[in-house]
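Reader: I am new to this structure. Please show it, and then tell me what the terms rest on.

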Protein chains: 2
Amino acid sequence: MTSLQKDKKSLIMDETEFGYIKWIQKRLKYKPEVIIGSGDDTAVIKIKSFGSKQNNSLLYATTDTIVEGIDFHISSATPEQIGYKSVAVSLSDLAAMGGGFSKIYALISASLPKNLAKPHFTHPLFQGINYVSKRFNVQIIGGDISSTRGPITITSTLFGIDKGLKPIRRNGACEGDALLVTGKLGGSILNKHLSFTPRLREAELLNRHYKINSMIDISDGLLADLDHILEASNVGALLDTLSIPISPEAYKLAKQNKIKSLNHAFSDGEDFELLFTTPIKEAVQIIHDKRLAKTPISIIGLIRKQKGIFLCNSMRKTSRIAPQGFKHF
Amino acid sequence: MTSLQKDKKSLIMDETEFGYIKWIQKRLKYKPEVIIGSGDDTAVIKIKSFGSKQNNSLLYATTDTIVEGIDFHISSATPEQIGYKSVAVSLSDLAAMGGGFSKIYALISASLPKNLAKPHFTHPLFQGINYVSKRFNVQIIGGDISSTRGPITITSTLFGIDKGLKPIRRNGACEGDALLVTGKLGGSILNKHLSFTPRLREAELLNRHYKINSMIDISDGLLADLDHILEASNVGALLDTLSIPISPEAYKLAKQNKIKSLNHAFSDGEDFELLFTTPIKEAVQIIHDKRLAKTPISIIGLIRKQKGIFLCNSMRKTSRIAPQGFKHF
């Protein structure tokens with residue numbers, strides 16, 4: 001779920017993708033070794049060795065597709081950037097489970113139109129894939145190239161082997177938790193969606209040293225992804241609008257299209273930042289943790305029992321809002 | 001690598017995909033736990049549990065993409081068939097490594113145009129995916145649905161956990177081995193490419209009871225995939241044209257398009273049968289193995305030292321031919 005928000009006119013989230021996914025999820029049955037199936041940022045499986053009673057590795061698996069004309073434009077993205085993004089989007093999903101992998105493996109499947117299945121495009125595309133893979137210690141173990149009469153479509157499937165940390169799910173947010181976010185939000189379409197750094201390092205540090213109750217990466221937009229946490233955890237949230245970290249790009253976009261910068265931070269897709277909840281005491285420690293000093297981290301609200309997302313604005317007035325985010329179809 | 005041969009005029013194999021893949025493979029580096037990397041039907045990885053010196057599971061991973069207009073046509077394939085095929089093509093890759101998995105997991109990534117991202121299409125599509133998954137004990141653990149302005153594109157990534165059998169590679173064919181094939185070949189485009197049975201059962205049986213030196217599934221065409229075995233094993237082959245099992249569909253196509261049925265069997269893509277080599281003595285036992293009686297298995301030739309593919313025809317004359325198969329781009 002990584003598509004850019006292109007159509008600013010329709011801020012109401014279309015339910016088609018989520019409706020379809022829920023319909024499927026109801027029909028999936030898992031054996032006990034599937035600790036987390038469809039419905040979180042990655043699946044998690046306990047792998048038992050054949051003939052051994054002793055267990056076990058955890059295997060985290062995720063897949064994501066980027067499509068030309070939706071997730072990037074060939075006119076404004078270089079082949080290197082397209083390759084980079086194709087893997088980085090899935091790395092962000094791995095990060096959202098709490099990071100911390102002893103190994104990460106990738107399978108890349110690219111569908112290319114005939115005129116681009118040539119070295120001038122495929123070589124730099126691979127170089128982008130290889131660059132991000134080396135940077136995050138990912139081994140590319142397989143792939144597939146097929147021909148298409150349509151847009152470039154690249155699917156990256158990653159799996160990570162754990163190193164003893166627990167997965168952090170979407171469904172663990174507790175009443176009283178603080179809500180935190182890494183980075184600055186909004187306006188990703190101007191550049192960041194092609195060059196963002198998957199927050200694997202931050203996620204592992206948080207998971208290793210703090211009690212993180214829930215986590216997700218922001219791909220559909222802050223409010224939409226917050227809603228995923230809230231729905232899975234059966235809670236609500238109160239956001240402090242003055243605390244939302246707004247990116248310079250969101251301000252820039254706001255000048256161009258007259259949509260408030262705060263709304264860009266709320267609803268633009270593809271920030272690929274971490275949104276997570278933790279007890280307030282830990283939240284304060286996280287804010288002052290020197291190991292995380294290079295990454296902006298903000299406390300933006302609180303988890304509460306009452307369902308829904310509420311905003312507390314600069315006048316200290318509270319109002320309820322609808323989750324807004326990328327319209328998938 | 002699963003695309004149908006559409007253009008019968010160009011029987012000469014285009015090297016673009018293979019050339020590109022080789023260029024990539026040279027640039028990939030693996031750590032020792034990657035037993036088989038890119039270049040076979042699946043990758044194989046040894047998974048060590050965190051904190052344990054004892055090992056370990058083998059994880060087989062493969063990915064494959066089907067694209068509308070190339071691998072199927074929306075006018076002639078039902079949504080169920082498209083779903084079935086999307087998973088079956090990857091199952092065939094797992095089979096080609098020697099079958100035998102204690103668990104198989106799937107991640108499915110579908111890019112759909114807006115008009116098809118509706119229940120009338122998505123529900124039967126999922127039912128096809130679910131049908132083949134249940135039949136082969138595959139658990140669907142995740143996926144992704146994205147929007148596209150182009151053709152339907154579905155990527156299935158499967159991984160299998162071993163149950164104590166060794167992987168069978170492409171590179172183990174020995175001089176003097178017999179060359180065998182399951183099923184009947186050619187004309188898959190008429191129906192079989194949408195409804196074939198991945199040969200997991202046969203592959204496991206062969207791997208468990210016989211010394212199979214090399215194996216591949218036929219996706220690009222008999223000669224093209226044979227060439228993959230020969231090149232990887234650094235040997236050649238002599239085929240007996242009278243022993244090639246030609247499918248009824250190949251005969252039917254031959255009448256329509258005046259291309260010999262034997263050439264259909266040689267070069268049509270998407271048979272998804274197993275092509276393998278084994279010592280002659282074992283080959284004879286395999287042919288008479290009652291457990292395999294339901295599946296036609298034919299001895300079609302011999303592996304020899306001299307490189308290249310040679311045909312021995314009905315007049316007992318021998319001639320060299322070029323590997324022919326699906327033109328990917």
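Author: The model is predicted, so local features need pLDDT of at least 70 and side-chain atom pairs pLDDT 80 or more, while totals for chains, interfaces and linings use all residues. Residues are numbered from 1 along each chain as written, chains are lettered from A and ligands numbered from 1 in the order written, and side-chain values use heavy atoms, without hydrogens and water.

Reader: Why is Ser156(A) called buried?

Author: Buried means under 20% relative accessible area; exposed is over 50%, and partly exposed lies in between (1.4 Å probe, protein chains only). Ser156(A) has 0%, so it counts as buried. Ser156(A) lies in strand 6 (residues 153-162) of chain A. Strands (E, at least two residues) and helices (H or I, at least four) are DSSP runs, numbered from the N terminus.

Reader: What joins the side chains of Ser156(A) and Ser90(A)?

Author: A polar contact of 2.7 Å. The term needs a pair of N or O atoms within 3.5 Å; within protein, one must be able to donate a hydrogen and the other to accept it, and residues adjacent in sequence count only if both atoms are side-chain atoms.

Reader: How do you know that the buried residues of helix 9 of chain A are on the same side?

Author: In helix 9 (residues 280-287) of chain A, Glu282(A), Ala283(A) and Ile286(A) are buried. They cover an arc of only 105° around the axis, which puts them on the same side. The arc is that of the directions from the helix axis to the C-beta atoms.

Reader: What makes strand 8 and strand 13 of chain B edge strands?

Author: Two strands pair if DSSP finds at least two bridges between them. In chain B, 7 strands form an open, mixed sheet in the order 8-10-7-11-9-12-13. Strand 8 (214-217) and strand 13 (318-321) of chain B each pair on one side only.
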